[in-house]
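Subject: Structure handover

Hello,

Here is the structure for you to look through. My notes on what I found follow below it.

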Amino acid sequence: MKFVVTDTYEQLSDKAAALILAQVQNKPRSLFVLPTGATPLGLFRRLVEAGKAGHADFSAAVFAVLDEYAGIATSDRRSLCGWLRRELLDPLAISDDRILTFTPHGEPQVEAERMEHALAQNGGIDVAVLGLGPNGHLGFNEPGSAFDSGCRLVSLTPESIRSNAAYWGSEADVPRTGFTLGLGTLLAARDFVLMVSGAHKADILARTINGPASVDLPATIVHLHPNAIVLADRAARPSKAQL
Ligand code: PGA
């Protein structure tokens, strides 16, 4: 695992963008997995700018959504795919056939198999970009998720329901289940980038970096992936005492 700390969130976003832009230049038909949340917004802004300025060509790239709430309408504005479309995919003019997503109201087993198949059909994941959950989750892989887990429907933990309540108006409105790419699915990505920003992530980042790999903390799969990079800004950097 490579651990890179930048001074600012802007620099963190620059570094992540540089990785994605280099990847799409080297392999235009790359398959990217992208997360939702606050952390990747600076990265997405840079990718949209690069695309619009003609500095990057995403016209052959394929994008998979890391996770999705279950049981909602596909058109629900709060769907994670809808959010990713608004923030990145629509501004980059990515067509539907190059977006791999779960159908929120689909039959769980069918959806899980369809996503695994779609990832394989598209040559496997080239770069998986992840955010770090406050409880160490990756996507909806909550603590306790097996390291060899595949795409599946899961129950959200009370902690994840709380942290998503802001997007839904109240905790009661947050769906109780969601689809996620599995930890095994993510481990198979050729490159793995975990982005971490802000002082509120310092503790969970310290536990992630310290390891060892444990299913109690899904993000510790960075110790198992042969090509993992943890990109953090200084605010999230654990203190010496924590390491
Ligand atoms: P955040 O979310 O980027 O909004 O901090 C990360 C997560 O909970 O997975």
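Two strands count as paired if DSSP finds at least two bridges between them. That applies to Val193, which stands opposite Ile229 in strand 10. Please keep in mind that this is a predicted model.

Start with strand 9, residues 191–196. It has a partner in strand 10, residues 228–233. The two run parallel and are joined by five bridges. Strand 9 also pairs with strand 6, residues 127–131. That pairing is parallel too, over five bridges. Here Leu130 stands opposite Leu194 of strand 9.

Is strand 9 buried or exposed? Five of its six residues are buried, so the strand is largely enclosed by the rest of the structure. Buried here means under 20% relative accessible area.

Now the helices. Helix 1 covers residues 9–26, and helix 2 covers residues 41–52. Their axes come within 8 Å and cross at roughly 50°. Helix 1 and helix 2 are therefore oblique to each other. The crossing is right-handed.

Which residues make the contact? Helix 1 contributes Tyr9, Glu10, Ser13, Asp14, Ala16, Ala17, Ile20 and Leu21. From helix 2 come Leu41, Gly42, Leu43, Arg45, Arg46, Leu47 and Ala50. Sorted by type, the residues of this contact are nine nonpolar, two polar and four charged. Among the charged ones are Glu10 and Asp14 of helix 1, and Arg45 and Arg46 of helix 2.

Best wishes

Conventions: Residues numbered from 1 in each chain as written. Predicted model: local features only at pLDDT ≥ 70, side-chain atom pairs only at ≥ 80, totals over all residues. Heavy atoms only, no water. Axes fitted to C-alpha atoms, helices over the stretch in contact; angles between N-to-C directions. Helix = DSSP H or I, 4+ residues; strand = E, 2+ residues; numbered from the N terminus. Parallel < 35°, antiparallel > 145°, perpendicular 65-115°, else oblique. Left-handed = near helix turned anticlockwise from the far one by under 90°. Contact = heavy atoms within 4.5 Å. Buried < 20%, exposed > 50% of the residue type's maximum accessible area, 1.4 Å probe, protein only.
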